[in-house]
Amino acid sequence: MVEFRERVWRFATSGGRRDFAWRRTTDPYEILVSEIMLQQTQTSRVEGYFDRFIRAFPSFEALAVASRIDLLSHWQGLGYNRRAIFLQQCCADILEKHEGRMPAEEKILCSLPGIGSYTAAALRVFVFDLPAVVIETNIRAVFIEEFFRNATKVSDHELHPLVAKACDVRSPREWYYALMDLGASLKRTNPRLTGKSRAYLRQSRFKGSVRQVRGAIVREMVRGEGGPRRIDRLFDAARTDIGELERERFERALMSLVKDEFVLVAGGEVILCGDR
């Protein structure tokens, strides 16, 4: 384990470090935004949105009071729009329940909207520089290459004690940055590493999916500044946006947005929920 740590640190000091805007700050709000954006989205895409989003909404307060239409307008292109709503709700909870200060306790962090065990651990590490077990795709690659080279379907349960033991408690934040950078490098030279993890799931086809139609509907509502929009016109706009689209798939996507409280449907019209 000592030798392993030394190799990771050598990589970090040999020019392997990646430079991202969210690594240049310890501001709790900015790191929260980055962590929510990075859920299910590649860093290369997040890089293009993070700075603009922070300029538009520079604080917990600014995002908590933003209109739904303004929020979704700035989120377009990142996908998984529910994350933006969770992020806004999370900011409101921090202001209302925690006096505007992000809590450091993992259990309390997990009680916030959109925060699971991974994000809670990442916030403890990257905001507070506290030791925690952070396991994501690049970190999995490092530990699988080091400790499970000939294995397949390695579970996070198997990785967990090794990640905990390896964590450099003197500098958890820099330690995990180093691990992530090393993992990204390993995956470039050996793309099969990712598939050795039991947690690896090949993403379902986006084109033609209900998720694609949901995105098209939300984009059109944003263009129309929240509605109301006639259902027939919204269907035509979504069909123009994504190409071939049957009515049944459109209606399934629309009803899923209603269920998730993105939109309301009344009298043949669609209205964006929660706008101020």
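Contact here means heavy atoms within 4.5 Å. This is a predicted model. By that contact rule, residues of helix H1 meet residues of helix H11.

**Helix H1 against helix H11**

- H1 spans residues 2-16, and H11 spans residues 172-189.
- Their axes come within 9 Å. They cross at roughly 80°.
- Angles of 65 to 115 degrees count as roughly perpendicular, so H1 is roughly perpendicular to H11.
- On the H1 side, the contact residues are Phe-4, Arg-5, Val-8, Trp-9, Phe-11, Ala-12 and Gly-16.
- On the H11 side, they are Glu-174, Trp-175, Ala-178, Leu-179, Asp-181, Leu-182 and Ser-185.
- Sorted by class, the contact of H1 with H11 has 9 nonpolar, 2 polar and 3 charged residues.

**Helix H11 itself**

- H11 has 18 residues.
- From its first C-alpha to its last, H11 reaches 26 Å. That is close to the 26 Å expected at 1.5 Å a residue.
- H11 is mostly covered, with 13 of its 18 residues buried.

**Cysteines**

- How many disulfides does the structure hold? It holds 0.
- A disulfide needs a pair of cysteine sulfur atoms within 2.5 Å. The closest cysteine sulfur to that of Cys-90 is in Cys-91, at 6.0 Å, so the two are too far apart for a bond.
- Cys-90 counts as buried, at 1% relative accessibility.
- Cys-273 is in no disulfide either. Its nearest cysteine sulfur, that of Cys-91, is 20 Å away.
- Cys-273 is buried too, with a relative accessible area of 12%.

- Most residues other than glycine have a negative phi.
- Where is Lys-153 found? Lys-153 sits in the loop between helix H9 (137-147) and helix H10 (156-166).
- Lys-153 is partly exposed, and its relative accessible area is 47%.
- The loop holding Glu-261 runs between helix H14 (247-259) and strand E2 (263-266).
- Is Glu-261 buried or exposed? Glu-261 counts as exposed, at 59% relative accessibility.

Key. Residues numbered from 1 in each chain as written. Predicted model: local features only at pLDDT ≥ 70, side-chain atom pairs only at ≥ 80, totals over all residues. Heavy atoms only, no water. Axes fitted to C-alpha atoms, helices over the stretch in contact; angles between N-to-C directions. Helix = DSSP H or I, 4+ residues; strand = E, 2+ residues; numbered from the N terminus. Parallel < 35°, antiparallel > 145°, perpendicular 65-115°, else oblique. Nonpolar A, V, L, I, M, F, W, Y, C, P; charged D, E, K, R; others polar. Buried < 20%, exposed > 50% of the residue type's maximum accessible area, 1.4 Å probe, protein only. Expected span 1.5 Å × (residues − 1).
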